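Reader: I'm new to protein models. Could you walk me through how to read one?

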Amino acid sequence: EQKASDLFVFGYWKNGQKILPDIDEKISLPEKKAELIKNPTRYLAVWGKLFSRIIVQKYGIQFNPTLALSEDSDFLIHYMRYCNNISFSDACVYRYNTQGNSSTRGFSGDKKAGYLRAIHSTQEKIADQEKCVKHAFAHYTFMQMNLIMVKDVFCKENKISFTKKCRDLKNTCEESVFKDALSELSLRECVSPRLLPAILCKLHLWHLCGMVYWLRDIQN
């Protein structure tokens, strides 16, 4: 029998691959929130979840109509502020398939502004949260920068030169939200494939970092 919870996080199928929650049920609630926030592409979609209608109605939680990107993440992080418990299940309840271009996958040239708008919106929702949640938001912010770089700056549809793309990378790192996130992240915790570009950015190795993003675009 499944215990009551304010948020259930289920497994799902993505392009034929089974994706299961990989978070320890025994850790504290703030740590659970932090683990979800650290990996937005895996955990912060609204599908594959069960929410409490009482919480949604009581606190007036809704999608921010001004956001075209990361609106799922913004909604979930807002919702988690009011959760007293979060549970995980290996049951796969959703199938997700990517086909063609969408607003998040296709090249537009303006994703940086969209992701920045979303980051600022979400940042307000973690201002009064626990320290580990705020630190997780630094991970989250850099994950958004990864998306900007792979989907807009270094994607093959962007016809500007590689040198100009690397200059755009450098300028993006100087934006206050990304600069603060990089400062918050230690080199030790960046030793992972997802955060490898953070190490290169912290060391100002812009062209090498650009190569990583260029290769990721090819892989995608």
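Author: Helices here are DSSP runs of at least four residues, numbered from the N terminus. Keep in mind that this is a predicted model. Arg 167, for instance, lies in helix α7.

Reader: Which other residues lie in helix α7?

Author: Thr 172 is one of them, and Lys 165 is another, with the helix covering residues 162-173.

Reader: Is Arg 167 buried, partly exposed or exposed?

Author: Here you need the cut-offs: buried is under 20% relative accessible area, exposed is over 50%, and partly exposed is in between. Arg 167 has 46%, so it counts as partly exposed. Thr 172, at 0%, counts as buried.

Reader: And how far is Arg 167 from Trp 206 in space?

Author: Their C-alpha atoms are 7.8 Å apart, although the two residues are 39 places apart in sequence.

Reader: How many salt bridges does the whole structure have?

Author: A search finds eight. One of them joins Lys 125 and Asp 74, with the closest N and O atoms 3.3 Å apart. Lys 125 sits in the loop between α5 and α6 while Asp 74 is in helix α4, so this pair ties together parts that are 51 residues apart in sequence. Both partners are buried: Lys 125 at 12% and Asp 74 at 2%.

Reader: Which residue forms a salt bridge with Glu 175?

Author: That's Lys 112, at 3.5 Å between the closest N and O atoms. The pair links distant parts of the chain, with Glu 175 in the loop between α7 and α8 and Lys 112 in helix α5. Glu 175 is partly exposed at 29%, and Lys 112 is partly exposed at 22%. Lys 112 also has a polar contact of 3.2 Å with the side chain of Thr 172.

Reader: What about cysteines? How many disulfides are there?

Author: Two cysteine sulfurs must be within 2.5 Å to count. The total here is zero. For Cys 166, the closest cysteine sulfur is in Cys 209, 8.1 Å away, which is too far for a bond. Cys 190 is in no disulfide either, as the nearest sulfur, that of Cys 201, is 9.6 Å away. Cys 166 is buried at 2%, and Cys 190 is buried at 0%.

Reader: How many residues make up the largest nonpolar core?

Author: Picture buried nonpolar residues joined through their side chains. The largest such core has 55 residues, and those with the most contacts inside it include Leu 36, Met 145 and Cys 201. Helix α6, residues 131-153, gives the largest share, 13 residues.

Reader: Which residues is Met 145 in contact with?

Author: Leaving aside neighbours within four places in sequence, its contacts include Leu 169, Thr 172, Phe 178 and Tyr 213. For Leu 36, look at helix α1, where it is among the buried residues. The buried residues of α1 pack against several elements, including β1, α4 and α6.

Definitions and conventions
Residues are numbered from 1 along each chain as its sequence is written. This is a predicted model: local features need pLDDT of at least 70, side-chain atom pairs count only at pLDDT 80 or more; totals for chains, interfaces and linings use all residues. Side-chain values use heavy atoms; hydrogens and water are left out. Helices (H or I, at least four residues) and strands (E, at least two) are DSSP runs, numbered from the N terminus. Buried means under 20% relative accessible area, exposed over 50%, partly exposed in between (1.4 Å probe, protein chains only). A nonpolar core is a set of buried Ala, Val, Leu, Ile, Met, Phe, Trp, Tyr and Cys residues joined through side-chain atoms within 4.5 Å. Contact means heavy atoms within 4.5 Å. A polar contact is a pair of N or O atoms within 3.5 Å; within protein, one must be able to donate a hydrogen and the other to accept it, and residues adjacent in sequence count only if both atoms are side-chain atoms. A salt bridge is a side-chain nitrogen of Lys or Arg within 4 Å of a carboxyl oxygen of Asp or Glu.
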